[in-house]
Amino acid sequence: MQGQAGVEAGVVLDRRFGAVGGVLFDIDDTLVDLAFSMTTALRDVSEHLLPGLDQAGWERFGRIFTHETTHYYDRYLAGELTFNEQRLLRGRAALGHFGVDLGEGEEAHSWLTSYARLQPSYVRAFEDVLPLLDALDDAGIPYGAVSNNVHDYQRAKLDSAGLERIRRLVGTDTVGVPKPDPAIYLEGVRLLGSSPDSTLYIGDNLLLDAEGSTAAGLVGVWLNRTGESAPDYKGHEVGTLLELLVQP
């Protein structure tokens, strides 16, 4: 019944998406500003190792950790590394770029422990998230999240970001596969009680979110917050979540 109610009230969303029975979101850097929480915590735990580093250096340090070492995260998703192992390897790579060897002993353990403790405290939702969720609630359109991380970790992240209302959540451990396997998106659809072709899937990763969900039969939407160029992409694209709504 929720899905049908959403179809009838779907005019809250831009008509280019058709009749919408449900909405699924990626979490990291879609709903939650993960880059901010990661880079802020990184600076806190690394300043004593990089005294005198200027702002441009810290920005470079953050980019290496958040964007240039994601192959370690891919190895975690493949079961080759634990979550903490991939996190430590990314830290080593970023510090190594500036000539700092984090090593294997107590210093590495302390760095990792401190980062793991601080990073969640900087988690916050993007400013366009709550207005969209309010509109979906008002329209009776069900929503949830599908993430390439485990359920409980992402549940805690959503809650600490003030997004407790997102109750339907699928993690990689829910169905045993990560995006872009169709099964993970379709489990989200099942939880919403909608149908794939009436369900939007919105995320910041062009391949995993927009194209992956589209291949699974959903209506994929690329959230391109940074204005990245992708001339070969012909699907739906928005710069903010508010662009999903009917414009006055």
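Predicted model: local features only at pLDDT ≥ 70, side-chain atom pairs only at ≥ 80, totals over all residues.

I began with the second largest pocket, whose lining divides into four nonpolar, six polar and three charged residues. My classes: Ala, Val, Leu, Ile, Met, Phe, Trp, Tyr, Cys and Pro are nonpolar, Asp, Glu, Lys and Arg are charged, and the others, Gly among them, are polar.

Residues are numbered from 1 along each chain as its sequence is written, and side-chain values use heavy atoms, with hydrogens and water left out.

Back to that pocket. I get a volume of about 210 Å³ for the second largest pocket. Of its 13 lining residues, T39, Q55, W58, E59 and G62 are the closest to its centre. Helix α3 gives the largest share of this lining, eight residues. (Helices are DSSP runs of H or I, at least four residues, and strands are runs of E, at least two, numbered from the N terminus.)

Pocket terms, for the record: on a 1 Å grid over the protein atoms alone, a pocket is an open set of points where a 1.4 Å probe fits, with protein on both sides within 12 Å along at least five of seven lines, and lining residues have an atom within 4 Å of a point. Volume is the space filled by probe spheres set on the points, with grid points joined across faces, edges and corners.

Next, the largest pocket. Its volume is about 1100 Å³. I count 40 lining residues, with D28, D29, T66, D204 and N205 nearest the centre. The lining splits into 15 nonpolar, twelve polar and 13 charged.

D29 turned up again in the backbone check: its phi is positive, about 65 degrees, although it is not a glycine. I find D29 in the loop between β1 (22–25) and α2.

Where is the cis peptide bond? It runs from K179 to P180, with omega near 15 degrees. P180 sits in the loop between α9 (172–175) and α10 (182–192).

Last, the helix pair. α2 (residues 34–46) and α6 (residues 106–118) pack at about 140 degrees, axes 9 Å apart. M38, A41, L42, D44, V45 and S46 of α2 meet W111, S114, Y115 and L118 of α6 (contact means heavy atoms within 4.5 Å). By class, that contact has seven nonpolar, two polar and one charged residues.

Methods: Axes fitted to C-alpha atoms, helices over the stretch in contact; angles between N-to-C directions.
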